[in-house]
Amino acid sequence: MKAEIIAVGTELLLGQIINTNAQFLSQGLADLGIDVYFQTVVGDNAGRLTQAIHTARTRADLILFTGGLGPTQDDLTKDTLAADLGRALVVHEPSMAKIEALFASRGAKMVESNRRQALMIEGCEPLANETGLAVGNALTVGDTHYVLLPGPPREMKPMFTGPTTAWLRRIMGDELPLFSRQLRFAGIGESSLEAAILDLIEGQSDPTIAPYAKEGEVALRISTKARTAAEAHERIDATVSQISERLKQFMYAQDDIPIEEAVIRLLRNSMRTLASAESCSGGLLAEAITSIPGSSSEFKGGMVTYTNEMKHRVLGIPMSQLEGPGAPGAVSESTAAMMAERIRELSGTDFGISITGVAGPAECEGKAVGLVYVGLAQKGRETEVHTLQLSGNRGIIRLRAVKAAFYRLWQRLMETSGHTGMKVPD
């Protein structure tokens, strides 16, 4: 089954609201085995919406609308589709009773326009809205299926996962559901990863392999349609095995997680701890790792020693190391090593990690924008420093530096934890 999503709302076209509904619905439809070929955004205009409906009907079996089911005059989705199909709008009595009860409970007079939310297209199956007032619509006319859902995500999401999904499963018949697994990689760029498995991508049939980049990371989505999860996993496992043989030193998870979460899992599994000292990244590493729930057991804390004075006063790095004739400077391999070692000693953790460099926009200490050093100190081992030459603007350089730091720590944890690559412990 081929689907098109039509998001209705002038606020989407003006950029006042981000269309997160399309992402959610595309993922949900893919999980059902329904292919989304097109996504359309149209404003609150009956003429243009009618044009969008006619176009979608020529290329999709399922047209799923979000938005335009509210009480105001610019909520036109039901009216427009009903007119196009030559059908009347009728009252869904349970929804009307719910609306009337709500206003009565508030002691407020119901505005006549609120009744619009209880209207549905004649002959449709109503889709219950447990978190809002506008009833959803599902109907089939000829060879085309239509689903109308409200725009607010807090209403739309449960309506899709509940009654909409149940309705779609009924009309799909024998169509096979889609099963997918996401592989996540770090320490390698999208083009290099693609080159390493180009023959697999070009020769793919089932399962399919779809690469896409995230900043500082790369992902592959492996997908197949099958009757059972066991059958799907068997096919996907075979493809993952081929990919892992070539890229296991970069594959940090078979799950949709960022590398910082993979690091936390490994730290937790090995009962070890981490602290950080950051300069050019300005606390971005600490922010990333503390965004993982429960990470306080593994991440003891971090310091942003942005200036030379703070590197000296807080971490105890000699000023002769940081400034003056012949000094290596703050942006240097030796300073990165000292930062990692001192933060590990101060915090009493198993690992200390540091980032110092030039994020831009201008050179610093005569060193080029994008030059970054990542220090990795571990109790009982010699400190390592990795030199990076990163490209991009200031924000991208900082983010890539942090992701590279996590990758180096992930490598060390995999090595010292006895793992051989691929999936990290849950």
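The model is predicted: local features need pLDDT of at least 70, side-chain atom pairs count only at pLDDT 80 or more, and totals for chains, interfaces and linings use all residues. Residues are numbered from 1 along each chain as its sequence is written, and side-chain values use heavy atoms, with hydrogens and water left out. The protein chain holds 15 helices and 17 strands. Here helices (H or I, at least four residues) and strands (E, at least two) are DSSP runs, numbered from the N terminus.

**Overall form**

- The radius of gyration of the protein chain is 28 Å, well over the 22 Å that the globule rule gives for 426 residues, so the chain is more spread out than a compact globule.
- This radius is taken over C-alpha atoms, and the globule rule is 2.2 Å times the number of residues to the power 0.38.
- The C-alpha trace of the protein chain spans about 85 × 55 × 40 Å along its principal axes.

- Six strands form an open sheet with mixed pairing, in the order β2-β1-β3-β8-β7-β6; two strands pair if DSSP finds at least two bridges between them.
- At the edges stand β2 (35-42) and β6 (125-127), each of which pairs on one side only.
- On average, neighbouring strands of this sheet are turned by 20° against each other, direction ignored.
- Axes are lines fitted to C-alpha atoms, for helices over the stretch in contact, and angles run from 0 to 180 degrees between N-to-C directions.
- Strand β1 (residues 2-8) runs parallel to β2, and seven bridges join the two. Among the paired residues, A7 has V41 in β2 as its bridge partner.
- Helix α3 packs on the sheet and touches β1, β2, β3 (62-66) and β8 (144-149); the direction of α3 makes about 170° with that of β1. Contact means heavy atoms within 4.5 Å.
- Helix α4 also packs on the sheet, where it touches β1, β3, β7 (136-141) and β8; the direction of α4 makes about 160° with that of β8.

**The contact of α3 with α4**

- The axes of α3 (residues 46-57) and α4 (residues 77-85) come within 10 Å and cross at roughly 60°. That angle makes α3 oblique to α4.
- Angles under 35 degrees count as roughly parallel, over 145 as roughly antiparallel, 65 to 115 as roughly perpendicular and the rest as oblique.
- The crossing of α3 and α4 is right-handed. A crossing is left-handed if the near helix is turned anticlockwise from the far one by less than a right angle, and right-handed if clockwise.
- On the α3 side the contact involves A46, L49, T50, I53, H54 and R57, which meet T77, T80, L81, D84 and L85 of α4.
- This contact of α3 with α4 comprises five nonpolar, four polar and two charged residues. Ala, Val, Leu, Ile, Met, Phe, Trp, Tyr, Cys and Pro count as nonpolar, Asp, Glu, Lys and Arg as charged, and the others, Gly among them, as polar.

**The four-stranded sheet**

- A second open sheet has four strands in the order β10-β11-β9-β12, with antiparallel pairing.
- Strands β10 and β12 (251-253) stand at the edges with a single partner strand each, so one side of each is left without a neighbour in the sheet.
- Neighbouring strands of this sheet are turned by 35° against each other on average, direction ignored.
- Strands β10 (residues 208-214) and β11 (residues 217-225) run antiparallel and are joined by seven bridges. Y212 stands opposite A219 in β11, and K214 has E217 as its bridge partner there.
- β10 and β11 form a hairpin with two residues between them, and G216 in the turn has a positive phi of about 85°.

**Further helix contacts**

- Helices α10 (residues 259-270) and α15 (residues 394-417) pack at an angle of about 30°, with their axes 9 Å apart. This makes α10 roughly parallel to α15.
- The crossing of α10 and α15 is left-handed, and their contact has 11 nonpolar, two polar and two charged residues.
- Helices α12 (residues 308-315) and α14 (residues 333-347) pack at an angle of about 40°, with their axes 11 Å apart. The two helices α12 and α14 are therefore oblique to each other.
- The crossing of α12 and α14 is left-handed. K311, V314 and L315 of α12 make the contact with M339, R342, I343 and L346 of α14.
- The residues of the contact of α12 with α14 divide into five nonpolar, no polar and two charged.
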